[in-house]
Amino acid sequence: MAPDLPLQASTLPPAQPKYTLRGHTAQVHAVRFLRRNSRLLTGDADGWIILWNVPIKRPVAVWRAHPQTILGVGVWGKGDEKIITHGRDNKLHVWQIRQEDETSLSKILPIEETTIERRAPWLLHSLDVNALNFCTFAMCPVPSLNQSTEESILVAVPGINDGAITITSLPSQTRVASIPPIAGINTGMLMALRLHHASTSLTVLAGYESGHVALFRTPSSGQTWKPSYVAKAHAQPVLSLDLALGLRACFSSSADAIIARHTLDASTEPALLKTKHAGQQSLVVRSDERVLATAGWDGRVRVYGTRGGMTELAVLKWHKEGCYAAAFADVLDEGEQLQGDESLARQGDEAEITTTAMTVSQRREANSAKTHWLAAGSKDGKVSLWDIY
Amino acid sequence: MEDLLKAARTVDRRPDAKENYLTAIDRTSEPLRSTLNGTFDGSTQVPIPSTAALVFGRPRTAKKVLDVLRAEPGPAQLIASLSALLDPTGLDNDFKISSPGPLQAKIINTVLTSIVPNFWSSSDREIRDLLISSLSTVSAISAILSSIQGLIIQLEAKRESQDTAKCSDLISVLSEVLKRDSSIHSIWTSLRTSSPSAVQLDLVWKQFANIIGSGKVLSVVAEAEDALPDTSLDKQHRWLAAGSEYAGWLGRSIAYFAIKEHVSKDVSTSQALSQLLTRALTIGHALPFITALHTTLLRHAAEPVSTTGTSLRYTAQYLPAHSKRAFLEHTLRWLATLLSHHDTDHIVSASSAQDVSAAAYLLDVLVADDETLRRHLMTFSTDPATSSSFPFTIRRAKLAVISRKEDDALHTVFEDVLRNFSDPLFIKHAPTMQQESMAQTLLVAAGYIHRATPVGLLTLVRASGHMQGVSNRLDASNTRARWLGMIVGTALSGLVDKEGMTMNFGTDDMRTVEAHWYLDLIKVDDYLGSHEALLKLTKQDAVARRPRQKHDKRITSLPVIDGKPTFGPLRPPQAPVQTEVEGAKVTEILDSSSDADNDLKPYAKPDSDPEDSDEDATLVNRNKTRPPVYIRDLMTMLRDTENHGPFTLGLQHAGSLIRRKTGFGKEVSDHAEEVARIFCSLQDPFDTDDFDELKLQALIAIVMSSPTTIAPWLGRQAFVGEYSIAQRCVMLTALGLSGRELAGLKEPDELNPVSSKPSFPSKQLPSHLHSIYTPSTRRLEAAHTSLEKSLIAPLALQAADQSTAHLNAVKVRTFSSRMETARTKRKAPPNGLAKIFAQCYFTPLVRSYQQDIAAYGSGSLWVSASFLLVTLVKTLALLLHASGPATLTLRDVTENFWQMLLALRVQASGDNAVLEAVLFGFLTLLEVNANKQQLAMEFSKQLMETRDWVDMVFERTGASGFVDQEGTGEEAKVRTLAAGVLVRAGEIMEASRAAFMGGMSDF
């Protein structure tokens, strides 16, 4: 990259959304990119799930996954074929949508028609989540020792007791662990969860109603789960958490105006950023761990740098009502991109035999995959797409 | 248990073994006593002492009681001795605490000086009740008052906490003794049973009536309240110092007395009642008093029918004649307020016929068997001044009552009124209000007489000087007087003359809505209503008058963040919210390592990125309100006294919104009156910036939207209702400024109304005081000053010109200056005010003013608050000037305004501000009437009077020597104005002389 010219303006002009996706009638509670940024999954407060084709910005699958609010969505498996949805009906569903399944699913958006029944995709698993709170599930893949078997994942959901965590393994549907509430602290309800499975140990990150953030690691056998790190960084309930493993840090946001950065290793005190904008939800760190974004209740999505001073880099204002969900597209590094291009080209070869040059739609897909999307879902049911950094 | 322990400890001033023993016993008696609490309901029942009191045995004689009380008794002894005092058979020698006597005085004195300070504030209900009962006597009440008076003197000299406590204790004793409605009655009954002789009874009761009825309690307690520190007096005892509340209590008490006693035939009792009532009628808060009296009587009489009648009659029967008159007048005033909240205008809707008959019922009951009261009622109908001070509905009720009598009382009334009405002096000099009221009375009475005996009316009309009266009226120069004569003539002729012979003037002004309303008055036939109807009316009134609770915001002050006060709803009372992060330490991220982020260039902020209004995340308001788009929105926003945002926003956009929407559909015109009402009574719960200015702008806008309906309404509104002086001033100012705008005279800061801030904030009072002491008439003042200058300046120039007449040859008008005057003269915009000034602005204001003065005399707000009067006169003068010489019916306006100004001469001589306003009024009058000769001919008398008076004023102000040479200051201003009036008057007289000489005077 060429060094910055000294005369260049110190700031970029205010960002504007590239696209807006209007499909939901209720507030959008969850957004997530999948399949190498070619698809966007969104879920709303009425239980509707829409799978969008990002390059052409059209829906490819619409169904009602839950009769009540969607709390969170996730993806699993090779080629992101399995989609996990978590609703307020105390269910966690795992659906299978392969590329070829998309054609058979309805494309009629809820905004057009809500009464007719859409065909739901193939339901693989259904878990009961016995907790009456708003905490969405967390998941992480478990690197399988045996390449041939299906990749398994761990899913963490809040337990029945306030502050307890239950971890289940899928597809075996066996309970792996249950973490009791932290002794001696009245933490209130569980508000946010994150999981990470390193080679042998499991790291569980939890945010609580009281504003506490706690870190658990797999105890040696026979021991009970105890937090290795507890900090009260917020005066209000924690709303979201995310891990940045490369930085050995995690970030938390809450209903107050503070964004906290916790270090994973040493039990030092968290670093706080007082943003003066209360209510920032759905904190996500981009896959390259350079920026993080929050969806603000004041209708603005904010982007902060992850390193050092957590400077506010951009304020994305378009939504007139509060934002509840934000997601970054994966930043595919050059090698990955090339690989992607090659694989596309190879597909092209198979299809047309004669040429390796990409068709228009392929080029569009490739460009879309390379774009550093940021998607934000708002109370007004709209999802805005921004191209940031 | 605990409170008892505390009480004992408080009185335990000599902690020896015996006293401790007493308290120990007392403590054990607690459960027994608890059954007593709350049984004392305020009748003559005496609380039964608990058994503990009996442990020591009761003192047998009054002397012994006194000894016990003097010897600093313990609670149990106190209970024993007090209950012995109260027990009718408790003491020897037939001793009664309620009757006057030296021993009683000693006991009361001891109780007040040593028992009350020790026991009152610390004792439980039982001792308090005993104290209250034993102090419920005439001599005790007067003793309490004199001790309070003594304490006030001490407090004024030096405020000591001991005296303060004593004083507030005494006040609360007094309040407890008196507060029940039945107190007065029970004092009377106990006095009567215990008094040995009628003479003594009479004397004591006279003393009591003096204390209670004459407002002595009121003045003493109010003085004490003033001397006490703010917080020391409990809120529930403050009624003793609040005039209207006290008067209400007195009314209820007297009503209770009457209800209890009206079946008994005891003459002394009813005389006692009338003594008290006579006193109470002079207390100065007549309306709350009479309201409480009548409503209580009505409520209590609900069960057995016709007791209202008897108890009401009982109340009034022994009153002296002049008190009867006052009683009747106050009753009428009360009925007037009861009826008038529907509409203050004289065009009465059909629904009020019921109300009129309900009022007639009460009057009928009151005067039924009482010749004096009936005579007074008739006088009230025939006397022009009194009659005009009541609204038309009351006049109707009076006539309905009079017409029900068999004798020819109504004929007498008719004759009297007709005589007055036809009197040339009355026609010429009486205010229009009185003339109208006489005409109305005449027509309604004629209707009644005609229905009863058509021939009777014929005789009356033929015999009395009716025809002469009509012709007198037709001669009158005042158009209104003439018109009234035509109306009465036509109406009466329609009743008595044969078909085809009826009088018919056939002019246009006999076909107006008002004329038809007058002509229909002969058909008015009100029946006597029922008790239920009246009761319903009083209840409606109570509902209508319930004041809107002002949002009490000063309980907790809003937080201050970063040195700026925040706005918003009050913090809800909540468990302490944690806003700071707990834990050992918090490291704020420093910018030291921010170089890592440098490769990411930040985006610029979007157009708006407001920071949170509050640091506490639970209080951040995300529902931003938008400015109102519809009048309906505006009204809801202004009614929202809970939320700061909508209220302020609504107020800020009110003026422009109303102006924008005027003439756009019927949105504004449909709600004009409602919106105006909101603004009239709007209070500022949030200390909004520029509240007065914004309110004024909105009011002007609403008047401008439909001046013909809103201006008269606002003019009347300024005189009725329960508005503050500031609110009335704003209404008048809005009228004045809207009138000027209609006339095409824009204020200099019209286009940028809010920008005119006073330059030096340091010279202002603090904002909350500023708004109290300077009602928003600033704009009016500015208009007044500029107008005054423009009126005086040419006169001064002329005077200078004349004084240098010998230099005439040298005076040259420069060419350039002439061009300048010609160039700056713009074409005047059409004067929209001239057409409607008399009807929509002038008449409602002056009529309401005269009615108010007639009704309340010197007690009227418009007399006592000279500021208000000044504003009124200046408003009228400004409007008249704006309306200009082209004003329709300028002659009538001139006459009425002149009359009003001349009537203000007395007041003006005592108050410089009024004097200035009156002089300004005169100057405007003379200025606006451009036709000098006509003015001199038609108003020669007024002109001469004015000139003489102003001459006197001029001499006086000049003589006092206060006028400084520079010509500044109040006195100088008055003098300048007076000089201006004199010059103008001189000119007019000169002009008339010139006309008389046929233009020869020049030679």
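**Briefing: chains A and B of a predicted model**

Of the 1003 residues of chain B, 49% count as buried (buried means under 20% relative accessible area, exposed over 50%, partly exposed in between, with a 1.4 Å probe and protein chains only). This is a predicted model, where local features need pLDDT of at least 70, side-chain atom pairs count only at pLDDT 80 or more, and totals for chains, interfaces and linings use all residues. Residues are numbered from 1 along each chain as its sequence is written, chains are lettered from A and ligands numbered from 1 in the order in which they are written, and side-chain values use heavy atoms, with hydrogens and water left out.

**Chain B overall**

- Chain B holds 48 helices and three strands (DSSP runs numbered from the N terminus: helices are H or I with at least four residues, strands are E with at least two).
- Take the contacts in chain B between residues at least 6 apart in sequence: 76% of them join residues at least 24 apart. Contact means heavy atoms within 4.5 Å.

**An open sheet in chain A**

- Four strands of chain A form an open sheet in the order β1-β28-β27-β26, with antiparallel pairing. Two strands pair if DSSP finds at least two bridges between them.
- β1 (19-22) and β26 (323-328) of chain A stand at the edges with a single partner strand each, so one side of each has no neighbour in the sheet.
- Neighbouring strands of this sheet are turned by 20 degrees against each other on average, direction ignored. Axes are lines fitted to C-alpha atoms, for helices over the stretch in contact, and angles run from 0 to 180 degrees between N-to-C directions.
- Five bridges pair β26(A) with β27 (residues 373-378) of chain A in the antiparallel sense. Ala327(A) has Ala375(A) in β27(A) as its bridge partner.

- β15 (residues 202-208) of chain A is mostly covered: seven of its seven residues are buried.
- Leu202(A), Val204(A), Ala206(A) and Tyr208(A) point one way from β15(A), while Thr203(A), Leu205(A) and Gly207(A) point the other way.
- β14 (residues 190-197) of chain A runs antiparallel to β15(A), joined by seven bridges. The two form a hairpin with four residues between them. Leu195(A) has Val204(A) as its bridge partner.
- β16 (residues 212-217) of chain A also pairs with β15(A), antiparallel, over five bridges. Here Leu205(A) stands opposite Leu215(A).
- Three residues lie between the strands in the hairpin of β15(A) and β16(A), where Gly211(A) takes a positive phi near 100 degrees.

**Aromatic rings**

- The whole structure has 20 aromatic pairs over all chains. Rings of Phe, Tyr and Trp (its six-membered ring) pair if their centres lie within 6.5 Å; planes under 30 degrees apart count as stacked, over 60 as edge-to-face and the rest as tilted.
- Phe380(B) and Phe390(B) form an edge-to-face pair, 6.3 Å centre to centre with 65 degrees between the planes.
- Phe380(B) lies in α20 (residues 371-382) of chain B and Phe390(B) in the loop between α21 (384-389) and α22 (392-403) of chain B, so the pair ties together parts that are ten residues apart in sequence. Both Phe380(B) and Phe390(B) are buried.
- Trp188(B), Trp205(B), Phe208(B) and Phe257(B) form one aromatic cluster.

**Charges over rings**

- The charged end of Lys57(A) sits over the ring of Tyr19(A), 3.9 Å from its centre. The criterion is NZ of Lys or CZ of Arg within 6 Å of the ring centre and within 35 degrees of the ring normal.
- Arg975(B) lies over the face of Phe954(B), at 4.3 Å from the ring centre.
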